[in-house]
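Here is a set of questions and answers for a reader meeting this structure for the first time. Please look through the sequence and the model before reading on.

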Amino acid sequence: MIYRKFKLAKDILRQISEEDKRVLKILGDTVRDISEVYKLQIRDGYYPKSSKKSDLEKAQKESPEILTPFTFVDEVNGKLIGIPYHQKYADRLKPISQKIDRAAKICSNKSFSKYLKARAKSLIDGSYREADIIWFDVKGSNIDFYIGPAERYLDQLFFIKRAFQGYVGVIDRQETDDMEQIKEVLYSSAKISPDKYHSTSIPKKGVNIYVESTPSTSGYIADAVFSGEHFPSDLDIMQVRGSKIIFYKNQFQLKFDKLYFPIFKLIFEKRFTAKYTRELLSNATLLNIALYEMGRQLHKFDGARERLKELYGIIDEANGFASGIQHSKNLVVKGLITGDQLEAIIIIHIIWMFTDWLFYKNSKNVDSYVFANAICLNSYISKGGLQEKEGIYWPNFSKMFFEIEALADNLVYLLRKGTYKDAETFLKKHAELKNFERLSKYISRINTNI
């Protein structure tokens, strides 16, 4: 599904004003509308189907706009050219922009209204980065909103082009505060770590976390059913303005109910599953999302995307899992989570990998995630952390955690100063999918059409 609509809980609706409800309705309509642009991107791709990577690199020397994030590449009279998204999809984007402007006029929160106007303008003239920067200045709004081209994962040639998506959310203040506590412990411990490389000064203004009830999502984040995401994608903006981690609460709950918990019951040994309650695992899922996104933010190194090119996404994703869990031991030390919760986090980490595998098999465009997951899964199996006996028998958490630490060190090295060849060699050795192929028989009955 490329557009998802969720019903907000009554307690969430009671927290927002009538004005907010009107704004929410208009912005929800724009989220629905932007799914049609994403549908066109899926149909057309980013590059002419006949073009080879070498052809595009050669053409880029004469026309630099070809390999920029917000252009569609077309072939006209035998020549490759870059057409800006706001021109190619103008007939679709103009009415969406007008609706966002209408919401901005209703909104009495000046900073949010200013942001909405900038976001509306970006769809017309391509000023997406400027809108991202203004987004960071929003204060005191119960509503959050994003629409435009954001994620790079569908560009499997260069990991450059962005896919359109959208969401509107109502911020859950209590759960947001809880996640802030988690972040503070993780980042404080990372800063004082003497033997690790953490770019905790990037972003300088820090990581901002928002747990949100999302009445609607669309585009790539709806298609791949994201539980969370970080913005912006541009490191230079993060270095100055910081970053935002958004938790899509409704999509997270959907995945847990329809995929994570059923997979847990199927893939683990029965006596083992009896130890962990549904509530414990649900809470661990939110913590896992937090650790994964924060782990990625801890390791944003200048030049990493340029060095690793299209392999960057895989290394970055694998590092999010490994480094996030690696740092979670500090949450236990500080008393924010228990040992049982840490075990549950690792269990959800395993289940998350198999969920992505099912999406991959059903063409959900999650290739980077699956190869990243394969790095982790293969490491755990080869080191004895996971053993198969009519499914996964009984995880050896000590061995898994030890392997996670070693894996995180290797992945951080690749992000910090590894070459493209280093990453390529590492992936050839560690990212094979055979273990997923072998173990997937235990979850074949799971339906991913959610």
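Buried means under 20% relative accessible area, exposed means over 50%, and partly exposed lies in between, with a 1.4 Å probe and protein chains only. This is a predicted model, in which local features need pLDDT of at least 70 and side-chain atom pairs count only at pLDDT 80 or more, while totals for chains, interfaces and linings use all residues. Residues are numbered from 1 along each chain as its sequence is written, and side-chain values use heavy atoms, with hydrogens and water left out.

Q: Is Ile 124 buried, partly exposed or exposed, and what is its relative accessible area?
A: Ile 124 is found in helix H6, which covers residues 110-125; helices (H or I, at least four residues) and strands (E, at least two) are DSSP runs, numbered from the N terminus. Because a value between the two cut-offs counts as partly exposed, Ile 124 belongs to that class, with a relative accessible area of 42%.

Q: Which residues does Ile 124 touch, not counting residues up to four places away in sequence?
A: A contact means heavy atoms within 4.5 Å. Leaving out residues up to four places away in sequence, Ile 124 touches His 86, Leu 93, Lys 94 and Ser 97.

Q: How far apart in space are Ile 124 and Gln 98, C-alpha to C-alpha?
A: In sequence, 26 residues separate Ile 124 from Gln 98. In space, their C-alpha to C-alpha distance is 9.7 Å.

Q: Which residue in E3 is the bridge partner of Val 76?
A: Two strands pair if DSSP finds at least two bridges between them, and strand E2 (residues 71-76) pairs with strand E3 (residues 79-84) in the antiparallel sense over 6 bridges. The two strands form a hairpin with 2 residues between them, and Asn 77 in the turn has a positive phi of about 55°. In E3, the bridge partner of Val 76 is Lys 79.

Q: Which residue in E8 is the bridge partner of Gly 228?
A: Strand E7 (residues 228-231) has both faces covered, with Gly 228 and His 230 buried on one side and Glu 229 and Phe 231 buried on the other. E7 runs antiparallel to strand E8 (residues 243-248), and 4 bridges join them. The bridge partner of Gly 228 in E8 is Phe 247.

Q: What percentage of the residues of the protein chain count as buried?
A: The secondary structure of the chain comes to 21 helices and 8 strands, and its C-alpha atoms fill a box of roughly 55 × 55 × 45 Å along the principal axes. Of its 450 residues, the share that counts as buried is 60%.
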